[in-house]
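Thank you all for coming. I would like to walk you slowly through one structure, so please have the sequence and the model in view while I talk.

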Amino acid sequence: MTDAQIQEVKKIKEDKIKFALKEIEGWLWEDSAWLTAFLMEIQTKNVDLSNVSGAVEFGTYKGKYLSVIYTCLQEHSEVAIGYDIFTINTQEQLKENIKKANGESDRLFCFKGDTKRLNSDDILKALGKKPRFISVDAEHTFEGVYNDLLLSLQILGDGGIVAVDDFTNVHCPGVTEGAIAFLSSTHNLKLKPFVSCCNKLFITTESHYEIYFNEIEEFLCKNPDLNVSKYHTTRSDSQNKQKLCRADIHVLSHVKGANYHMKKAGS
Ligand SMILES: C[S@@+](CC[C@H](N)C(=O)[O-])C[C@H]1O[C@@H](n2cnc3c(N)ncnc32)[C@H](O)[C@@H]1O
């Protein structure tokens, strides 16, 4: 690929992500969307995509975040699976939104049901491989988050990443409690958090923890206009790096005036 072609591919990807941020109803901090795209790009160089590929989202709603993930999967024609109880929206709406943003939704498969009734074999059968990315954003309770993280542990490939939404949302203490309980539990000997960005906590397997942890500075340098990057420079290294469940993590805070893209129905 020539430099011009690489730039063109990058531009198309950026346009799709901007579309999801602006046009799809749901909840997503802009900075988390760009961090996700950055991490998924780094992943393609550090994970064997013939063994570990595709993504799962627990709790899709209308596909705002799943659309960003789907964009990142398109380059290598990877599959995405979405689980939701679909009581407030339909699977058709979800597929339609992913298609509007990405031009197609051929490799998206949706399943209706409570994630607490799912088992790991069914997910692996549906995906065909161990996923490289999982978004945990379904039931915002201790039990829901603990359950979805346990499933994630069972299915995630080495070098895979789990993003737990609303980890630092004061309105959802059960999410924080569930994630911390899981990460500290004896069930979990494999997953470590490495960065929190706005509302999301990003976790990976022990095997790739250092790779992703060390890439965060690069993300901030490459994205100086993001609110988290600007705020990061106003804080000391010891403020920006904290310990969580025995792991060092980067804390990318969101600040007053950060761009929270919440689009309501009809707006
Ligand atoms: C906060 S929304 C997800 C937002 C979405 N990830 C986005 O990017 O806009 C939570 C979703 O989880 C679904 N949900 C809630 N409890 C669930 C459960 N036990 N199993 C599966 N889905 C669930 C809801 O129907 C809702 O669509």
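Let me begin with a term: a nonpolar core is a set of buried Ala, Val, Leu, Ile, Met, Phe, Trp, Tyr and Cys residues joined through C-beta atoms within 7 Å. Buried here requires 20 or more other C-beta atoms within 10 Å of a residue's own, while 12 or fewer makes a residue exposed and anything in between partly exposed, with C-beta atoms placed from the backbone. What you see is a predicted model, in which local features need pLDDT of at least 70, side-chain atom pairs count only at pLDDT 80 or more, and totals for chains, interfaces and linings use all residues. Residues are numbered from 1 along each chain as its sequence is written.

First, the overall picture. The protein has 10 helices and 11 strands, where helices (H or I, at least four residues) and strands (E, at least two) are DSSP runs numbered from the N terminus. Its radius of gyration is 17 Å, close to the 18 Å that the globule rule gives for 267 residues, so the protein is as compact as a globular protein of that length; the radius is taken over C-alpha atoms, and the rule is 2.2 Å times the number of residues to the power 0.38. Of the 267 residues, 46% count as buried.

Now to the core. The largest nonpolar core has 68 residues, and those with the most contacts inside it are Ile-69, Ala-80, Val-136, Val-162, Val-164, Ala-179 and Phe-202. The largest share of this core, 7 residues, comes from α3. Two residues are in contact if their C-beta atoms, placed from the backbone, lie within 7 Å, and, leaving aside residues up to four places away in sequence, Ile-69 touches Thr-36, Ala-55, Glu-57, Ala-80, Phe-133 and Ser-135.

Strands pair if DSSP finds at least two bridges between them. Strand β5 (residues 133-136) is joined to β6 by 4 bridges and the two run parallel, with Val-136 standing opposite Val-164. In a regular strand the side chains alternate between the two faces of the sheet. In β6, Ile-161 and Ala-163 point one way and Val-162 and Val-164 the other way, and all are buried.

On we go to β8. Strand β6 (residues 161-164) is joined to β8 by 4 bridges, running antiparallel, and here Val-164 stands opposite Leu-201. Another 6 bridges join β7 (residues 191-197) to β8, also antiparallel, and Pro-193 has Ile-203 as its bridge partner in β8. Why can we call β8 largely enclosed by the rest of the structure? Because 6 of the 6 residues of this strand (residues 200-205) are buried.

Finally, the ligand. There are 20 residues around the ligand, of which Gly-26, Gly-59, Tyr-61, Tyr-65 and Glu-139 come nearest; a residue is near a molecule or strand if its C-beta atom, placed from the backbone, lies within 6 Å of it. The elements giving two or more residues to this shell are β1 (26-29), α3 (64-74) and β3 (80-84), and β1 supplies the largest share, 3 residues. Tyr-61 lies in the loop between β2 (55-58) and α3, and it is buried, with 22 other C-beta atoms within 10 Å. Not counting residues up to four places away in sequence, Tyr-61 touches Gly-26, Asp-84 and Asn-89.
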